[in-house]
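Student: Hi! Could you walk me through this structure? I'm new to it, so please start with one spot and then zoom out.

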Amino acid sequence: MSKILLINTINREELRAAVVENQKLLDLEIESAKNLSKKGNIYKGVVTRVEGSLQAGFIDIGLNRNGFLQIQELNDYLLGMENRRGRLNSSYRHIRNYLSAGKEILVQIVKDETESKGAMLTMNLAIPGKYTVLLIGSSRKGVSKRIKDKELNQRFNAALEQLKSELDIDWDSFGIIARSSAGGRTVAELVRDIKLCFGKWQRIKSGFENLPAPSLLYSEAGFPTRVVREYFSGDIQQIIVDSEAAFNEIKDFIEETMPRYRNRLKFYDSDVPLFTQYGIEEEVQKTFHPVVELSSGGFLVIEPLESIVAIDVNSGKAKAGQDFETNAFITNLEAVEEVARQLRLRDLGGLIIVDLIDMKNPRNIKEVERRLKLAVSLDKARVEVGEISKFGLIELSRQRIRSSVNSQLFSKCPYCLGTGKVRGPELVALDVIRKVQSAVASKTVKSVTVRIALVAGLYLLNFRKKDLSNLETKYNCDIIIVPEEKFRPDEFQIDLIEREKESLSFAEIDDDLDYKGRVALIRSKWRSKRLAQNQAEMSFDLDIS
């Protein structure tokens, strides 16, 4: 069976696309409606602040947070500098020489904003077409190193010569790169694609001159069009789309950029979901799980961490060879190919560490390295592969193209807040007893009410009742346990009524989630109650995450 591109956009909450060959998932892209990417968008922004110590400026582009523009991302052509090669590359550079508050500039998003940081910006604008990319303020012109078409250079140069006679522009101010999808394209197709890119640039320039800042001047193509632009190639025999709106959008794009392939677009109209019909729904769901099974019986465990992605290779039930070395070699060969595939499907980027099964034979080690490099060569992202260390580890560095699937589709668990762990009821109950004992030991407490998660509360009442009774007798106070269904498994609250005239209310909140230490925040608030007895109530709010 040949390759097909499936585009599932019938449900607007989640847009999905997959490249499939023989019912095997080769590429996957998912975009959540609540996390729509703005990467690639071009804005007319205004400088709000320049930080000399950071060599960067903060740019208002109309989003929730100001964008962040570093000095190396400036573009002297767009800043109106005549000496384009000297000023920004001189030995002495300072951001204040180029930016000042109130200055209006053109910027493009290279990394989406997060909850805590604004978008990363650049002035080195890149306007993508299907086969080429137009670089503003650059003089680079050439062909992607990934292209194996040896005659493409000649056709590309011929296209540029034709354009020079047709377009009256300063060619030293524009770079043009033929993308990997340009292999096999004719001169006419390349010319048409480059003209479309220049048309987009003219509209951006017009918007910059006529619209106020901040304004969106160029928006990346919608999900259906972008998927076809990035994933369609000559060896994909069909593009199958399940929504009429996406079908029409893709149809217009194909007619404009590659009309020879208009017959490959098909509309899917069936009650059976598209991914289910082509047998990949279950495989897509597996990309959300940390464990990936291998056909040999081994398995991978994939754990994306804050700064790296850790992948552990386990032999499991694999018995491919008669001895340990052969078994490890065969399992590792299968594992590295699956690692390369999973990195594409999950779009995991940054530093990746793969813990392989130990091998002793140098030839086996070199072959595993070779197979991994061959497997990652299919990736659209830039991937660098190291060598297997003496500890059986191999390092990879993969370019981040978009937000990972997990970060788009999943929110932090409200109970564990992303750690995957909560304290057991026994430890929660023990913590309560310690806090209660600490409070009543002053002998100024008349009554204690503990509101606590249901399971931990039942544990206290059934297994630590004697400890509570001893505290009541020793310190002459009442201790009341109130199980609460609405509380998180490790959450509790302690309310104290004091004997003293003055009242003190303070909250102790423990919110360090990475278990590096417990941080207490104490807030005091005076309140006067019980006018007759001039007694006060002390609240003890404790939220352990």
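Tutor: Happy to. Keep in mind that this is a predicted model. Let's begin with Ile388, which has a relative accessibility of 16%. Buried means under 20%, so Ile388 counts as buried.

Student: Where does Ile388 sit in the chain?

Tutor: Ile388 lies in the loop that runs between strand S20 (383–385) and strand S21 (393–398).

Student: And which residues does Ile388 touch?

Tutor: Leaving out residues up to four places away in sequence, Ile388 touches Leu356, Met359, Ile365, Val368, Glu369, Leu393 and Ile394.

Student: OK, new topic. How many helices and strands are there in the protein?

Tutor: The protein has 12 helices and 27 strands. It has 545 residues, and 45% of them count as buried.

Student: What about the accessible surface of the protein?

Tutor: That comes to about 29000 Å², with 48% belonging to carbon and sulfur atoms. As for contacts, take those between residues at least 6 apart in sequence: 69% of them join residues at least 24 apart.

Student: Which strands pair with S12?

Tutor: Strand S10 (residues 132–136) is joined to S12 by 5 bridges, and these two run antiparallel. There, Leu134 stands opposite Ile176. Strand S11 (residues 141–143) also pairs with S12, in the parallel sense and over 3 bridges. Within that pairing, Gly142 has Ile177 as its bridge partner.

Student: In what order do the strands of the open sheet come?

Tutor: The order is S3-S2-S1-S14-S15, which makes 5 strands with mixed pairing. At the edges are strand S3 (24–32) and strand S15 (265–267), each of which pairs on one side only. Neighbouring strands in this sheet are turned by 15° against each other on average, with direction ignored.

Student: How do S1 and S14 pair, parallel or antiparallel?

Tutor: Strand S1 (residues 3–8) and strand S14 (residues 236–241) pair in the parallel sense, over 5 bridges. Leu6 stands opposite Ile240 in S14.

Student: Which helix packs on the sheet?

Tutor: That's helix H3 (residues 223–231), and it touches S1, strand S2 (14–21), S3 and S14. The direction of H3 makes about 145° with that of S3.

Student: Now helix H2. What should its 24 residues span?

Tutor: At 1.5 Å a residue, H2 (residues 187–210) should span 34 Å. Its end C-alpha atoms are 35 Å apart, which agrees.

Student: And which residues of H2 are buried?

Tutor: They are Glu189, Leu190, Val191, Asp193, Ile194, Cys197, Phe198, Trp201, Ile204 and Gly207.

Student: Is Cys197 buried or exposed by its relative accessible area?

Tutor: Cys197 is buried, since its relative accessible area is 1%. Cys477 counts as buried too, at 3% relative accessibility.

Student: How many disulfides are there?

Tutor: A search of the whole structure finds 0 disulfides.

Technical notes
Residues numbered from 1 in each chain as written. Predicted model: local features only at pLDDT ≥ 70, side-chain atom pairs only at ≥ 80, totals over all residues. Heavy atoms only, no water. Helix = DSSP H or I, 4+ residues; strand = E, 2+ residues; numbered from the N terminus. Expected span 1.5 Å × (residues − 1). Buried < 20%, exposed > 50% of the residue type's maximum accessible area, 1.4 Å probe, protein only. Disulfide = S-S within 2.5 Å. Pairing = 2+ DSSP bridges. Axes fitted to C-alpha atoms, helices over the stretch in contact; angles between N-to-C directions. Contact = heavy atoms within 4.5 Å. Areas by Shrake-Rupley, 256 points an atom, 1.4 Å probe, with all protein chains shown as cover.
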